[in-house]
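Hi everyone, thanks for coming.

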Amino acid sequence: MSYGGAVQNPDHPDVLDPIAEAHRQWSARWPEHADHMAAVTSVMRAQQLLLSRVEAALKPFGLTFAAYEALRLLAFTRTGSLPMGKMGARLMVHPASVTNVIGRLEERGLVGRSPSPRDRRVVLAGITPAGRDLAERATAALNDTGFGIAGLPAERAAEITTALRSVRAAAGDLD
């Protein structure tokens with residue numbers, strides 16, 4: 001539907017869909033790129049919305065999503081610890097980001113750092129009992145919110161994961 005040249009949201013006729021409008025504009029000028037632009041813009045907007053919801057669920061625990069991911073990763077390990085470098089690879093972030101997050105968690109007594117007994121050059125991050133407890137409580141809160149998309153059926157969430165895996169592969173993330 002169109003409203004004064006702009007594209008209406010079919011689910012909410014009084015609300016314009018900016019991405020659909022951008023797609024319409026792109027189609028008029030660069031039709032061969034319109035679908036790609038709309039896909040990327042849609043993913044980025046969805047990321048903004050979901051991060052906002054996830055961060056809201058984690059706020060009562062004093063955690064950002066990055067800090068939560070670090071705690072959860074450590075809680076998943078058999079020993080409760082990992083080399084900092086390995087954490088960066090598993091969390092898909094720059095090592096400096098891991099250092100920053102672990103530093104903030106360490107200040108709160110949720111993790112500790114120690115040299116590896118096998119290689120003193122390697123620094124291990126280890127979750128404390130308080131960190132493990134917080135990770136469990138924060139996970140329960142995120143699970144209760146369906147990670148911000150509780151209204152989306154599980155089958156659709158699985159389809160999105162599959163579709164985005166192909167995007168990640170096309171961008172070289174799975175090499």
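**A threonine and its contacts**

Let's start at Gly80: its backbone nitrogen lies 2.8 Å from a polar atom of the side chain of Thr77. The side chain of Thr77 also reaches the backbone oxygen of Leu74, at 2.7 Å. A polar contact here is a pair of N or O atoms within 3.5 Å; within protein, one must be able to donate a hydrogen and the other to accept it, and residues adjacent in sequence count only if both atoms are side-chain atoms.

Quick background: this is a predicted model, where local features need pLDDT of at least 70, side-chain atom pairs count only at pLDDT 80 or more, and totals for chains, interfaces and linings use all residues. Residues are numbered from 1 along each chain as its sequence is written, and side-chain values use heavy atoms, with hydrogens and water left out.

So where does Thr77 sit? You'll find Thr77 in the loop between α3 (65-76) and β4 (81-83). Helices (H or I, at least four residues) and strands (E, at least two) are DSSP runs, numbered from the N terminus.

Is Thr77 buried or exposed? Thr77 counts as buried, because its relative accessibility is 14% and buried means under 20% relative accessible area, with exposed over 50% and partly exposed in between (1.4 Å probe, protein chains only). Over in helix α7 we have Val167, which is partly exposed at 47%.

Last, confidence: pLDDT is the predictor's confidence in each residue, from 0 to 100. The chain has a mean of 92, and 93% of its residues reach 70 or more.
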